[in-house]
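User: I'm new to this one and would like to learn how to read its features. Can we walk through it together?

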Amino acid sequence: MSWQTYVDEHLMCDIDGSGQHLTSAAILGLDGTVWAQSSKFPQFKPEEMKSIIAEFNDAGTLAPTGLFFAGAKYMVIQGEPGAVIRGKKGAGGICIKKTGQAMVFGIYDEPVAPGNHLSSAAILGHDGSIWAQSANFPQVKPEEVTGIINDFNEPGSLAPTGLHLGGTKYMVIQGEAGAVIRGKKGPGGVTIKKTGMALIVGIYDEPMAPSQCNTIVERLGDYLVDQGF
């Protein structure tokens with residue numbers, strides 16, 4: 001069996017009869033040479049390949065910067081040191097398996113169900129500086145961030161006045177003292193997870209459920225804590 005046949009018939013196959021397929025896939029040598037690839041596999045840069053190899057040799061090097069591949073940036077999520085690198089970007093992601101002589105790449109997009117998106121999200125420093133944000137994340141005022149930090153330091157301080165974010169007032173509901181603040185406004189709400197260096201903020205509206213927002217925000221926060229942030 002040729003490498004191309006393996007890509008076409010095994011990597012790009014129907015996954016477990018579900019009708020779902022990888023978006024693209026390839027088998028590359030450890031020097032970045034392409035052994036076989038699907039028709040939509042993206043053009044990558046040599047420096048991106050060097051960073052991937054460096055991550056396999058010294059696990060954790062990509063965590064601070066993210067995994068870049070074909071110009072796309074993926075957040076590195078839990079893999080298997082020296083063997084598997086996994087990255088996430090929105091609803092999709094990438095998985096890279098290293099063998100003795102090759103790397104097997106799979107890029108995917110998850111089927112997106114209505115209601116499974118946050119309305120907006122951001123990662124902020126404790127001083128309110130924006131580390132990253134979605135396009136429609138609201139403009140946050142310094143005094144709003146100060147109020148949030150104060151509530152993390154003294155849980156309950158926001159309860160009498162409500163949580164204000166981007167000019168919107170949320171009723172504070174049960175969170176986790178010193179770690180998670182949750183707010184509700186009509187059918188939507190906000191979840192804020194505090195890590196050692198950052199605030200993860202997720203804002204949602206119906207039909208997303210509060211529990212879905214909590215899971216997304218708190219998992220990312222837990223990941224950043226594990227990475228020292």
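Predicted model: local features only at pLDDT ≥ 70, side-chain atom pairs only at ≥ 80, totals over all residues.

User: What kind of peptide bond joins Glu 206 and Pro 207?

Analyst: A cis one, with omega at about 10 degrees. Another backbone feature turns up at Ala 70, where phi is positive, about 55 degrees, although the residue is not a glycine. Ala 70 sits in the loop between β3 (67-69) and β4 (72-80).

User: Is Asp 31 buried or exposed?

Analyst: The cut-offs come from relative accessible area: under 20% is buried, over 50% is exposed, and in between is partly exposed (1.4 Å probe, protein chains only). Asp 31 counts as exposed because its relative accessibility is 60%. Its place is the loop between β1 (24-29) and β2 (34-37). Ala 70, at 28%, is partly exposed.

User: Now salt bridges. How many does the structure hold?

Analyst: Here's the general idea: side chains of opposite charge can pair when their charged atoms come close. The cut-off is a side-chain nitrogen of Lys or Arg within 4 Å of a carboxyl oxygen of Asp or Glu. The structure holds four such bridges. One of them joins Arg 86 and Glu 80, at 3.4 Å from N to O. Both partners are partly exposed, Arg 86 with a relative accessible area of 28% and Glu 80 with 38%.

User: Which parts does the pair of Arg 182 and Glu 218 tie together?

Analyst: Their side chains meet in a salt bridge of 2.8 Å, N to O. Arg 182 lies in strand β12 (residues 180-185) and Glu 218 in helix α4 (residues 210-226), so the bridge links parts 36 residues apart in sequence. Arg 182 and Glu 218 are both buried.

Lys 193 and Asp 222 make another salt bridge, 3.2 Å from N to O. Since Lys 193 belongs to strand β13 (residues 188-194) and Asp 222 to helix α4, this pair ties together parts that are 29 residues apart in sequence. Lys 193 is buried at 10%, while Asp 222 is partly exposed at 39%. Bridges that share partners also join Glu 176, Arg 182 and Glu 218 into one network.

User: What volume does the second largest pocket have?

Analyst: Rolling a probe the size of a water molecule over the atoms shows where empty space is left. On a 1 Å grid over the protein atoms alone, a pocket is an open set of points where a 1.4 Å probe fits, with protein on both sides within 12 Å along at least five of seven lines; lining residues have an atom within 4 Å of a point. Points are joined across faces, edges and corners, and the volume is the space filled by probe spheres set on them. The second largest pocket has about 150 Å³. Leu 11, Leu 22, Cys 95, Lys 97, Val 104, Phe 105, Gly 106 and Tyr 108 line this pocket. The elements giving two or more residues to its lining are β6 (92-98) and β7 (102-109), and β7 gives the most, with four.

User: Where does Gly 106 lie?

Analyst: Gly 106 is in strand β7 and is buried, at 8% relative accessible area. Beyond residues up to four places away in sequence, Gly 106 touches Leu 22, Ser 24, Gly 93, Ile 94 and Cys 95. Arg 86 is 20 residues from Gly 106 in sequence, and their C-alpha atoms are 9.7 Å apart.

Terms used. Residues numbered from 1 in each chain as written. Heavy atoms only, no water. Contact = heavy atoms within 4.5 Å.
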